[in-house]
Amino acid sequence: MTSAFEKLTKILTLEKEQGYRNKAVIGGLEKFASFWREGARQEAEDLERAHLVEEIVALLQSYPTLEDRRSREGVVEDILTRLGQRPRRVKEEPLEKEEAVKPKEAQPRERQGLDSPVTAFVGIGPSHAERFKRLGVETIRDLLYLFPRRYNDFSSLKTINQLEYGEEVTIIGNIWETKARETRKGGIIVTSIISDGTGTIQATWFNQPYLVKRLPPGRQIVLSGKVDEYLGRLVFQSPEWEPLEKELVHTARLVPVYPLTKGLSARWLRRLMKKTVDYWSKRLPDHLPARLCERANLMDLETAIGQIHFPENEESLNRARRRLCFDEFFLIQLGVQRQRHLWRSKPGRALVINEELLGSFLQSLPFTLTSAQQRALREIVNDLRQPYPMSRLLQGDVGSGKTVVAAAAMLLTVANGCQAVMMAPTEILAEQHYKTIADLLANIQYPISNLKPFDLAQGKPPTSIRLLIGSLTSLEKQQIHQEAAAGVVDILIGTHALIQEGVEFRDLGLAVIDEQHRFGVAQRAALRQKGITEAGPSPHVGGKEGGAVCPHVLVMSATPIPRTLALTIYGDLDIAVVDELPPGRREIKTRWLLPRERERAYGFLRGQIEQGHQAFIICPLVEESEKIEAKAAVEEYERLQRVIFPDLKLGLLHGRLKGEEKEAVMAAFKRGEFHILVSTSVVELGIDVPNATVMLVEGANRFGLAQLHQFRGRVGRSEYQSYCLLLSDSPTPEAQERLRAIETTQDGFALAEKDLELRGPGEFFGTRQSGLPELKLAGLGDVRILEQARNEAQALSREDPDLTKPEHRLLARKLAEFWRGESDLS
């Protein structure tokens, strides 16, 4: 029978003969690696050979990431050399006595690796595996990365006569007696009296009758917990304890507290983690190059894993956390830098900027661009001149004027004989952009010199702008498809209908994606793909002839994002920020009201409607919840219509309506068919109703600052004075701080920084950002670690962008694992 090593030798020989195309085995060498590892492990009879297997697997898994033939040839020769010098078989040594008596649940079965399932441990069967799966743990490696939620500090060792009420401490003493008694309800209370020569103290446990046998008189124990009081005496209630003669895991140290699920106890899991970390952290390859660790003053991975789980002291814990936070940020930054490198390495269109046309457009506007708009436009114009595709985020607060900047970029693109497209997440937003951009381009004074693609015979704007949305008839859509493919349409604005089958462009030069975080990775990539053409570029565009040419991409967001978060999520994009509102824009007067002021708020809202305006009322939930006392939108709508505003017309908008129904309600409100729109947070983005002057938010304490600021941005979109009223039910101190901040601050970027500070990154977007791997340990408040990781990632990307150097192979594998299932971030 052919051995696993001989089989791999034959496959690699075939790979050489086929020209290193990764076709020697179905699925590629990276897929074969997992299958091969199992057989090779069974043949590995000693630790040295097991290490060899893991090294070869790492090389095989990194193989498809190598793009040039020379690098792949080097990997194949390296593996063949290792296979030709396999260590001789040696007789396996018997287990040491101490090793042989490990607790059975912590013993790994023979020949298992880090990617083996947790059932590889003796004593962990399918039921335990299912429980671990609920915690995101399926393999031994996952278990090593199941980090503690917090730590109990039992490192303070005191004598009994030094104890004080309320402190968390550790004592060492002898058990005088242990006894159990039954409660009236059938429970069991176990009490022990412990003495250390300076005094005695009672410890109590509930429903653990087995402790009577485990804590006999005369036994020396270490006991840790919070000092409580009962009938005037100091006591311990349910403390942790361990025999003094054992290595201390649960007491007298910084004790890890792990996330639990039903069926897993804290002590059992902690004991398992100790054995797992002690044995397997030594077998965890360190993916960071030694030079980088030394330069950045980072712990090695084995030590960091050990200290994050069972820290010797606070300093060791902080150093371990810093190393593991660095890992997460570094891998994210490497991923986004690779995305940036890949996108910039593709040929793009170096557009010729017609300064006369740009000047005429700016002069035609009924306002002057702010300095922030001018700065953003200069950055975008400079990008359009480059021979590689632009990949830029245009970030600005609601009403900061991002659309006019995007319109200028689209006009300059069309002037080069190319097409431009803008994708919005909803039909009403697409319609708003269509009207706004058509109006912005309508007043340019023509003719302009050097505009060869334009037909200037009529002396009027020649730019053809069309709207493609799902509600059009099939015939209308078909006509637009034909016009886009023929190049008749210069600017096409629409929803996700733009990326559906049948939509093709003659020569797409610029793709603009609005409210980009509302689109998934696949949708954004699909729009980019629409613009990759095989034909040579337009004669009015600079660049190489022939080959695949990629469009410029501009993504826009009206959600102010703190710099730390932007560096993490959008590290592959250049960022232009419009952080200045147009002059003369009225401040939206914001007031935080208590529940007893609700009737007063209703009266104010009615007064605004009597003046001919409209209003929003926001409720947090669609259905009643016992846990959160928020008004349900449906019930609140019915109450408001029946009791408070029976003479007015109210509309209802919530997340359970179908897409078309939401669009219809918003459009009706914009047409003035409703006086008041009662809505959940789905109204947060996308609706522009100039006549709306009041935003009333119920349960405002339950929203984050960023979201409240977005609600506020739905009003104040006209010359009328607008108002935002925040009704709050019993706010916590943290919620009060948020409400005070938004009451006094109009700056969305300042509020975003405050929101991140108060609520942390996990709640900033509400859900995990699409396309970004989950951070298990790092927090986005770790600014210094993030910036250090970003600098190191940029340096490494310049030195070895494809991670093909031998010292970077483990890192390449780790990067592939970390980003598994994720792709385009922009």
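Predicted model: local features only at pLDDT ≥ 70, side-chain atom pairs only at ≥ 80, totals over all residues.

Analyst: The part in question is an open sheet of seven strands, whose order is E11-E12-E10-E13-E14-E9-E15 and whose pairing is parallel. Strands E11 and E15 (574–578) are found at the edges; each has a single partner strand, so one side of each remains without a neighbour in the sheet. Averaged over the sheet and with direction ignored, neighbouring strands are turned by 20 degrees against each other. In general terms, strands of a sheet pair through backbone hydrogen bonds, in either a parallel or an antiparallel manner.

Because Arg466 lies in strand E11 (residues 465–468) and Glu483 in helix H17 (residues 474–486), the pair ties together parts that are 17 residues apart in sequence. Are the two partners buried or exposed? Arg466 has a relative accessible area of 24% and is therefore partly exposed, whereas Glu483, at 16% relative accessibility, counts as buried. The cut-off that separates these two classes is 20% relative accessible area.

This pair may be set beside others, for the count of salt bridges comes to 24. Among them is the contact between the side chains of Glu240 and Arg270, at 3.7 Å from N to O. Glu240 belongs to strand E7 (residues 240–243) and Arg270 to helix H9 (residues 266–280), so this pair ties together parts that are 30 residues apart in sequence. Both Glu240 and Arg270 are buried.

A further salt bridge links Arg606 with Asp647, whose closest N and O atoms are 2.9 Å apart. Arg606 is in helix H20 (residues 598–610), while Asp647 is in the loop between helix H21 (633–644) and strand E18 (650–653), so the parts tied together are 41 residues apart in sequence. Arg606 counts as partly exposed, at 23% relative accessibility. Elsewhere, salt bridges with shared partners join Asp286, Arg323 and Asp327 into one network.

The surface also has a nonpolar patch of about 240 Å², made by Leu157, Ile172 and Leu244. Leu157 sits in the loop between strand E1 (150–153) and strand E2 (168–182), and its relative accessible area of 54% places it among exposed residues.

As for the chain as a whole, it contains 28 helices and 21 strands. Of its 826 residues, 52% are buried. Among contacts with a separation of 6 or more, 72% are between residues 24 or more positions apart. The chain exposes about 38,400 Å², of which carbon and sulfur atoms supply 49%.

Technical notes
Residues numbered from 1 in each chain as written. Heavy atoms only, no water. Salt bridge = Lys/Arg side-chain N within 4 Å of Asp/Glu carboxyl O. Helix = DSSP H or I, 4+ residues; strand = E, 2+ residues; numbered from the N terminus. Buried < 20%, exposed > 50% of the residue type's maximum accessible area, 1.4 Å probe, protein only. Patch = residues over 30% accessible without salt bridge, like charges linked within 9 Å, V, L, I, M, F, W, Y side chains within 5 Å. Areas by Shrake-Rupley, 256 points an atom, 1.4 Å probe, with all protein chains shown as cover. Pairing = 2+ DSSP bridges. Axes fitted to C-alpha atoms, helices over the stretch in contact; angles between N-to-C directions. Contact = heavy atoms within 4.5 Å.
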